[in-house]
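Take a moment to turn the model around on your screen before reading on. Then we'll walk through it piece by piece.

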Amino acid sequence: MPLTPEQEAEIARQRATPRQTLRAVSEGMETHLYTAYPVLDHGFVRVIDYMGDDAAIVQAARVSYGAGTRHVSNDEGLIRYLMRHWHSTPFEMCEIKLHVKLPVFVARQWIRHRTANVNEYSARYSILDREFYIPAPEQLAAQSTVNNQGRGELLEPAEAARVLEILKGDAARCYDHYEAMISDDGQQGLARELARMNLPANIYTQWYWKTDLHNLFHFLRLRSDAHAQYEIRVYAEEIGRLVADWVPLAWQAFLDYRVGGATLSAKALDCLRRMLNGEEVTQETSGLSKREWREFVEVLG
């Protein structure tokens, strides 16, 4: 169960006590505020707070650029212009604070996005719950033969079952030893800050994670990508669903220019021009490396 009865009661209280405010409110985000959305087997994502909306992006841009943006006839057009031309500061005017429950190994990937404020559950002061991420069989795959940091073919059912038994057994054994070490029943009991070193990387942790929209878009572009690890990708996809309701105009521009768009190098752009002029271009005549050429062809479909 991703939430304890106490947490569910707290969420119900928070959602039952709306407050009048003069600040900008996103009606789409208000429907999600405080609600926990499940991710993986025991994880969740929920919005604790947010600041700004699509209008806040426009307001900041017009202050920043003054008369230079007055030719843009509407908010959507301006937001798309900002996204298209890689302006960042107007999107930094919106912020979001998330409460996330996630496996430790996912958190170690996530924390590489350093442009955020993070406060994590402390295993120095508190005892971690006996909750571990155990993958579904369809997520167990062999090492990719073409990508050193990715998955390849799915494991055969018998091997997948063997791996799952190892994962479950090791996690339970490590937690049993963790409890035995910190116990003060008939012994001194090891300090929690030391006992935690024996816990596996698939145990769940929690944190509050606050970031602005510009850096959140960067996170989502990388972690929602099909090449991202599944276990962090599902968190990014859930957050993306929330962002789509929070700032729908900015989200659509993000999808068009960052997710669905493509950036070409000068050499690749030259190849495209030559192709449009009727020239037959090959990898050997393109000036691109084999990998660059493969990626270029993929962009062209």
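**Starting from the sheet**

Strands β3 and β7 pair in the antiparallel sense, joined by nine bridges. Two strands count as a pair here if DSSP finds at least two bridges between them; helices (H or I, at least four residues) and strands (E, at least two) are DSSP runs, numbered from the N terminus. One spot to look for is His 99, which stands opposite Tyr 208 in β7.

Before going further, some ground rules. This is a predicted model, where local features need pLDDT of at least 70, side-chain atom pairs count only at pLDDT 80 or more, and totals for chains, interfaces and linings use all residues. Residues are numbered from 1 along each chain as its sequence is written, and side-chain values use heavy atoms, with hydrogens and water left out.

Back to β3. Strand β2 (residues 43-51) also pairs with β3 in the antiparallel sense, over seven bridges, and Met 51 sits opposite Glu 95 in β3. Seven of the nine residues of β3 are buried, so the strand is largely enclosed by the rest of the structure. (Buried means under 20% relative accessible area, exposed over 50%, and partly exposed in between, with a 1.4 Å probe and protein chains only.)

For β4, pairing with β7 (residues 204-212) is antiparallel and runs over four bridges; Glu 120 has Trp 207 in β7 as its bridge partner.

What about the inside? The largest nonpolar core has 51 residues, and Trp 110, Leu 213, Leu 216, Tyr 235, Val 243 and Trp 246 have the most contacts inside it. Such a core is a set of buried Ala, Val, Leu, Ile, Met, Phe, Trp, Tyr and Cys residues joined through side-chain atoms within 4.5 Å. Helix α9 (residues 230-246) gives this core its largest share, eight residues. Leaving out residues up to four places away in sequence, Leu 216 touches Ile 96, Trp 209, Thr 211, Ile 239, Val 243 and Trp 246, where contact means heavy atoms within 4.5 Å. There is also a second, separate core of eleven residues, including Phe 132, Ala 171, Tyr 175 and Leu 199.

Finally, look at the rings: the structure holds 13 aromatic pairs. Rings of Phe, Tyr and Trp (its six-membered ring) pair if their centres lie within 6.5 Å; planes under 30 degrees apart count as stacked, over 60 as edge-to-face and the rest as tilted. In Tyr 50 and Trp 246 the ring centres are 6.4 Å apart and the planes stand at 70°, so this pair is edge-to-face. It links distant parts of the chain, with Tyr 50 in strand β2 and Trp 246 in helix α9, 196 residues apart. Both Tyr 50 and Trp 246 are buried.
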